Amino acid sequence: MLTSLTKFRHFLFIPTCGVIFLFALGAPLIAQGTTYYVSLTGKDSNSGTSTSAPFRTLLRAVQPLDPGDTLYIRGGTWTEQLDLMKYNTSGTSGKYIKISGYPGETVTIRYAEPISGGYGPIKARGTRGYLIFENFVLDGINMPPATGWQIDGSNHHFVLRNLDIKNFRYNGLYTAGNDIQVINCKIHDNKPPTSTGYYYGIYANRSSNLLIQGNQIYNNSGGGLHLYPGPHSNPIIRNNSIMHNNYQARASVGGIILYSSAGPISNAKIYNNLVYRNGTSSSGPATGIRLVNTTSTKVWNNTIYGNKTYGLQISSGSSTTAQNNILYGNGTANYSNHGSNTTYTNNVTTDPKFMSASSNNFQLQSSSPAANKGVALSSVLNDYRNVPRPKGATHDIGGYENY
């Protein structure tokens with residue numbers, strides 16, 4: 001049986017299914033260029049253009065990359081930094097450079113940064129863009145504190161796909177660039193070196209057109225996803241599973257927080273997410289979804305369950321539409337609204353009759369008060385698994401479409 005994440009990946013390649021069709025229209029088109037290979041058993045004197053003659057080092061493999069080219073990294077544990085700055089490696093519009101783990105092999109980049117606050121395992125700051133990174137592990141187990149992959153404010157058009165980002169003593173991913181897509185990644189177990197610090201799965205400083213889609217974000221010390229301080233325009237956060245984040249006393253982020261203090265956060269769309277069990281008895285506040293000073297935010301068809309404090313917390317200065325959400329079993333309250341011009345309809349705060357909340361199966365029983373009780377939303381044409389909505393007369397409420 002396919003898992004929900006596997007199914008999501010499967011549907012990404014079928015450009016006829018509602019939301020996915022829309023995403024496919026915005027996906028990068030990659031002109032066919034030269035394909036290179038690098039292997040721990042290769043030689044830098046090789047041509048690098050065939051599996052039988054791969055390069056040996058990442059630095060040598062990056063050197064010839066031009067827009068439209070692909071680099072496949074063969075399996076094994078690499079302790080070298082992926083440096084895209086030495087040769088100013090960058091793609092162009094319509095000619096992305098793709099750097100990928102070789103299909104069917106496990107590629108782990110476990111770089112040991114010599115200084116705290118360095119560039120991290122991927123050195124790619126500056127104006128470079130139109131880059132795809134996919135199918136490998138970034139393991140920060142050997143990194144010093146406060147060091148990780150940072151996508152700089154001048155970076156743009158990065159696609160992160162099917163990555164496993166873990167064990168950094170920093171945020172799993174920090175981004176301040178524009179047109180960044182994080183798709184089908186696992187981002188987990190990123191934690192500080194002391195019990196008083198806290199970091200996030202994803203910390204997005206500022207952006208336009210940020211896409212966070214189909215990810216599993218879990219066991220991060222401070223919180224799951226933090227957009228702060230802004231400005232952010234048009235972020236889309238959909239089809240993610242965000243759970244078991246925030247276990248530090250000083251942390252104040254649970255699953256998802258959009259908090260504007262330095263610039264507006266506008267036109268955010270947050271839908272089809274499972275946001276559950278963020279926060280512990282000893283952690284700071286941990287809300288499922290919290291909005292502070294955001295404008296025109298849409299919160300649709302999320303399942304928000306068992307978080308330490310609030311389920312959905314709308315703070316002052318926020319204008320929000322919240323529809324078709326399940327808000328249940330959260331510690332302080334399922335719903336808190338201090339925003340302005342809030343539209344709140346077709347949400348369920350009573351027992352939604354999940355199949356089995358104890359085993360994290362948040363699909364609905366046939367007797368659920370969320371079944372066929374949502375408002376029809378033309379922008380939400382699939383569920384968390386990309387099952388088309390609606391099956392029945394109208395949308396089911398929550399992340400799953402069952403009836």
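**Tyrosines, asparagines and strands**

Author: With a relative accessibility of 28%, Tyr228 counts as partly exposed, a class that lies between buried (under 20% relative accessible area) and exposed (over 50%), as computed with a 1.4 Å probe on protein chains only. The model is a predicted one, in which local features need pLDDT of at least 70 and side-chain atom pairs count only at pLDDT 80 or more, while totals for chains, interfaces and linings use all residues. Residues are numbered from 1 along each chain as its sequence is written, and side-chain values use heavy atoms, with hydrogens and water left out.

Rings of Phe, Tyr and Trp (for Trp, its six-membered ring) are taken as a pair if their centres lie within 6.5 Å, and the pair is called stacked if the planes are under 30 degrees apart, edge-to-face if over 60, and tilted otherwise. By this rule there are 20 aromatic pairs. The rings of Tyr228 and Tyr259 have centres 5.3 Å apart and planes at 90 degrees, so this pair is edge-to-face. Because Tyr228 lies in the loop between strand E20 (223–227) and strand E21 (232–233), while Tyr259 belongs to strand E24 (residues 256–259), the pair ties together parts that are 31 residues apart in sequence; strands here are DSSP runs of at least two residues, numbered from the N terminus. Tyr259 is likewise partly exposed, at a relative accessible area of 28%.

Elsewhere, Tyr276, Tyr305, Tyr328, Phe354 and Phe362 form one aromatic cluster. Gly306 lies in the loop between strand E31 (303–305) and strand E32 (310–314), and at 23% relative accessibility this glycine counts as partly exposed. If residues up to four places away in sequence are not counted, Gly306 touches Arg277, Asn278, Tyr328, Gly329 and Asn330, where contact means heavy atoms within 4.5 Å. The C-alpha atoms of Gly306 and Gly279 are separated by 9.1 Å, although the two residues are 27 residues apart along the chain.

Asn273 sits in the loop between strand E26 (269–271) and strand E27 (274–276), and with a relative accessibility of 0% Asn273 counts as buried. A polar contact of 3.0 Å joins the side chain of Asn273 to that of Asn302, the term meaning a pair of N or O atoms within 3.5 Å, of which, within protein, one must be able to donate a hydrogen and the other to accept it, with residues adjacent in sequence counted only if both atoms are side-chain atoms. A polar atom of the Asn273 side chain also lies 3.0 Å from the backbone nitrogen of Asn240. Neighbours within four places in sequence aside, the contacts of Asn273 include Ile237, Arg238, Asn301 and Thr303.

Strand E27 belongs to an open sheet of 10 strands in the order E3-E6-E9-E12-E15-E19-E23-E27-E31-E34, with parallel pairing, and two strands pair if DSSP finds at least two bridges between them. The edge strands of this sheet are strand E3 (76–78) and strand E34 (326–328), each of which pairs on one side only.

Strand E33 (residues 320–323) is covered on both faces, with Thr320 and Ala322 buried on one side and Thr321 and Gln323 on the other. Strand E30 (residues 297–300) pairs with E33 in the parallel sense over four bridges, and Val299 has Ala322 as its bridge partner in E33. E33 also pairs in the parallel sense with strand E36 (residues 343–345), over three bridges, and there Ala322 stands opposite Tyr344.
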